[in-house]
Every structure is written in C-alpha cells, then in structure tokens.
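Trainee: I am new to this structure. Please pick a single part and take me through it closely.

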Amino acid sequence: MMTNEKISSLIDRYMKVSFYVNKMGELLIKDQICDVLTNEQYYTLRFIEQQRLCTSTEISEAFYINKSAVTSNINRLEGKGLIEREQDQHDRRVFHLKLSNEGAALLHKTEHKIHKLVEGIMTNFEYEEIVKFLDTYEKLSQIFIEMKNRELEEL
C-alpha cells in the first residue's frame with residue numbers, strides 16, 4: 001500500500017512532468033504551425049478534417065470549451081479562408097463546417113511538419129516503450145474524460 005508521502009511524491013512528479021511536457025509540446029507545435037494559426041485553430045482544423053463535416057456544437061463538446069469561444073475561433077478561421085460554412089438542408093439554423101481547399105492544404109503542410117517533429121522525438125525510444133506509453137496515456141485520457149462527463153452530469 002502506498003503511503004501519503006509516496007502519493008504526494010508521485011503527484012508532485014506528475015505535476016512537474018505534465019507541465020513541462022504540455023508546455024514544451026505546445027511550443028514545439030507552435031513552431032511548426034507558423035504564424036498563420038494558433039494551436040487551438042490547428043486542433044480545430046484537424047478536428048473538422050477528421051469529421052469531414054461538423055457543427056460548432058460538436059467542436060464545443062469535443063474540446064470541452066464554450067460555444068462562444070468556438071464561434072470566435074470559427075470566425076477567425078473563416079476570415080482566413082481556411083474553412084467554409086454550409087447551411088443544413090433540413091434545418092436552416094444549423095451550419096456544417098468543412099475545410100476549404102486552402103485550409104486542407106495548410107493542414108496537410110502543417111501535419112507533415114508535426115509528423116517530422118514527433119518522428120524525431122520517437123527515435124529516442126524503443127517501439128515497445130512508445131506503445132506502452134501511448135496505451136497508458138490513452139488510459140489516462142479516458143479517465144479524464146469519464147471524470148469530466150460525471151462532473152457535467154452532476155450539473
């Protein structure tokens with residue numbers, strides 16, 4: 001059984017490594033996406049591309065951010081000509097978002113740069129280490145999602 005001291009030490013270790021990994025990861029990704037996009041805009045473009053068509057509500061739910069923040073982000077991306085809005089044929093109040101040709105090209109170029117960055121990092125690890133890490137990281141992600149969903153259900 002773990003003592004309070006061991007638990008406290010693990011928490012401190014987690015908080016420190018989490019901060020540096022997230023902060024450095026964001027900075028390294030920002031270096032790859034140039035001055036054209038923010039990290040949030042990059043992740044939004046990536047989400048839209050993966051979904052093919054989506055709504056701002058779907059983005060809000062997937063990113064756990066409020067709809068006004070999504071709307072602001074979407075307006076900026078649309079202003080840059082990176083996404084397009086299509087009105088739903090069955091419900092005129094609903095707009096679907098998709099990447100423009102320019103947005104798809106920028107995302108592809110950015111994805112290639114990020115792929116090269118991550119590939120360079122992964123060469124520091126054995127394949128089995130990477131798989132085990134990703135399995136654990138996915139488990140942690142799932143725990144966080146379940147905790148957040150329970151929190152939202154209690155509201």
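Mentor: Start with the salt bridge between glutamate 111 and arginine 46 in this predicted model. The closest N and O atoms of the pair are 3.2 Å apart. Glutamate 111 sits in helix 5, residues 101-122, while arginine 46 belongs to helix 2. The pair therefore ties together parts that lie 65 residues apart in sequence. In total, the structure holds seven salt bridges.

Stay with helix 2. Helix 2 covers residues 39-51, and helix 3 covers residues 56-63. Two packed helices are described by the angle between their axes and the distance between the axes. Here the axes come within 11 Å. They cross at roughly 115°. The crossing of helix 2 with helix 3 is right-handed.

Now look at the residues that meet. Helix 2 brings Glu40, Tyr43, Thr44, Phe47 and Ile48. Helix 3 answers with Glu58, Ile59, Ala62 and Phe63. Sorted by class, this contact has six nonpolar residues, one polar residue and two charged residues.

Two elements give two or more residues each: helix 1, spanning 4-32, and helix 6, spanning 127-154. Helix 1 gives the most, with seven residues. Methionine 147 is placed in helix 6.

Keep two pictures of helix 2. Through arginine 46, helix 2 is tied to helix 5. Through residues including Phe47 and Ile48, helix 2 meets helix 3.

Note on methods:
Residues are numbered from 1 along each chain as its sequence is written. This is a predicted model: local features need pLDDT of at least 70, side-chain atom pairs count only at pLDDT 80 or more; totals for chains, interfaces and linings use all residues. Side-chain values use heavy atoms; hydrogens and water are left out. Axes are lines fitted to C-alpha atoms, for helices over the stretch in contact, and angles run from 0 to 180 degrees between N-to-C directions. Helices (H or I, at least four residues) and strands (E, at least two) are DSSP runs, numbered from the N terminus. A crossing is left-handed if the near helix is turned anticlockwise from the far one by less than a right angle, and right-handed if clockwise. Contact means heavy atoms within 4.5 Å. Ala, Val, Leu, Ile, Met, Phe, Trp, Tyr, Cys and Pro count as nonpolar, Asp, Glu, Lys and Arg as charged, and the others, Gly among them, as polar. A salt bridge is a side-chain nitrogen of Lys or Arg within 4 Å of a carboxyl oxygen of Asp or Glu.
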